[in-house]
Amino acid sequence: MPREEKTTAVQAAPAFTAHDPAQLVIGEQIYVTVQPGTVLRNTETGQPFEAGVATVQTVTPTTIRRLLDGDLQQVAPAA
């Protein structure tokens, strides 16, 4: 009788997947960032976004437009 091999699968944490901007819900909180060299004012704070820094942002029509335009990128929450 063949011996059944037992394997142990290591389950990795699921990778972060950004939502389709059209599927975001107004009022929910997401993390966004801008690319280096991009100057964009955060409408919640009035200050510019820091390039490469994940910043919490409330989803608004402006947020969705900026995501669709590529001005903002949705990112995983800062660790």
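**Entry 1: the sheet**

I looked up V32 and found that its bridge partner in β2 is T55. The model is a predicted one, in which local features need pLDDT of at least 70 and side-chain atom pairs count only at pLDDT 80 or more, while totals for chains, interfaces and linings use all residues. I number residues from 1 along each chain as its sequence is written, and side-chain values use heavy atoms, with hydrogens and water left out.

I then noted that β1 and β2 run antiparallel and are joined by four bridges. Two strands pair here if DSSP finds at least two bridges between them. The elements themselves are DSSP runs numbered from the N terminus: helices are H or I with at least four residues, strands are E with at least two.

The three strands form an open sheet in the order β2-β1-β3, with antiparallel pairing. β2 and β3 stand at the edges with a single partner strand each, so one side of each has no neighbour in the sheet. From one strand to the next, the twist averages 55 degrees. For such angles, axes are lines fitted to C-alpha atoms, for helices over the stretch in contact, and the values run from 0 to 180 degrees between N-to-C directions.

**Entry 2: the whole chain**

Along the sequence the pattern reads β-β-α-β. The chain has 79 residues, and 23% of them are buried. I use buried for under 20% relative accessible area, exposed for over 50%, and partly exposed for what lies in between (1.4 Å probe, protein chains only).

The accessible surface comes to about 6000 Å², and carbon and sulfur atoms hold 54% of that. Accessible areas come from the Shrake-Rupley method with a 1.4 Å probe, and for residues only the protein chains shown count as cover. Of the contacts with a separation of 6 or more, 58% are between residues 24 or more positions apart. A contact means heavy atoms within 4.5 Å.

**Entry 3: helix α1**

Which residues of α1 are buried? I list T63, I64, R66 and L67. They span an arc of only 165 degrees around the axis, which places them on the same side of α1. The arc is that of the directions from the helix axis to the C-beta atoms. The face turned away from this buried side carries the exposed residues P61 and L68.

What do the buried residues of α1 pack against? They pack against β1, β2 (55-58) and β3 (73-75). I also noted that α1 lies across these three strands and runs at about 40 degrees to β1. After α1 comes G70, with a positive phi near 90 degrees.

I checked T63 separately, which is in α1 and is buried at a relative accessible area of 2%. Beyond its neighbours within four places in sequence, T63 contacts I30, Q57, T58 and L72.

**Entry 4: the salt bridge**

How many salt bridges does the rule give? I get one, taking a salt bridge as a side-chain nitrogen of Lys or Arg within 4 Å of a carboxyl oxygen of Asp or Glu. It links D69 with R65, whose closest N and O atoms are 3.7 Å apart. Side chains of opposite charge can pair when their charged atoms come close.

Both residues are in helix α1 (residues 61-69), four residues apart, about one turn of the helix. An α-helix has 3.6 residues a turn, so residues three or four places apart point the same way. I find D69 partly exposed at a relative accessible area of 49%, and R65 is partly exposed at 42%.

**Entry 5: two further residues**

I26 sits in the segment before β1 (29-33). Is I26 buried or exposed? At 52% relative accessibility I count I26 as exposed. I26 is in contact with V59, T60, P61 and I64, leaving aside neighbours within four places in sequence. The C-alpha atoms of I26 and T58 are 7.6 Å apart, for a sequence separation of 32 residues.

V56 is in strand β2 and is partly exposed at 38% relative accessibility. Not counting residues up to four places away in sequence, V56 touches Q29, I30, Y31 and E44.
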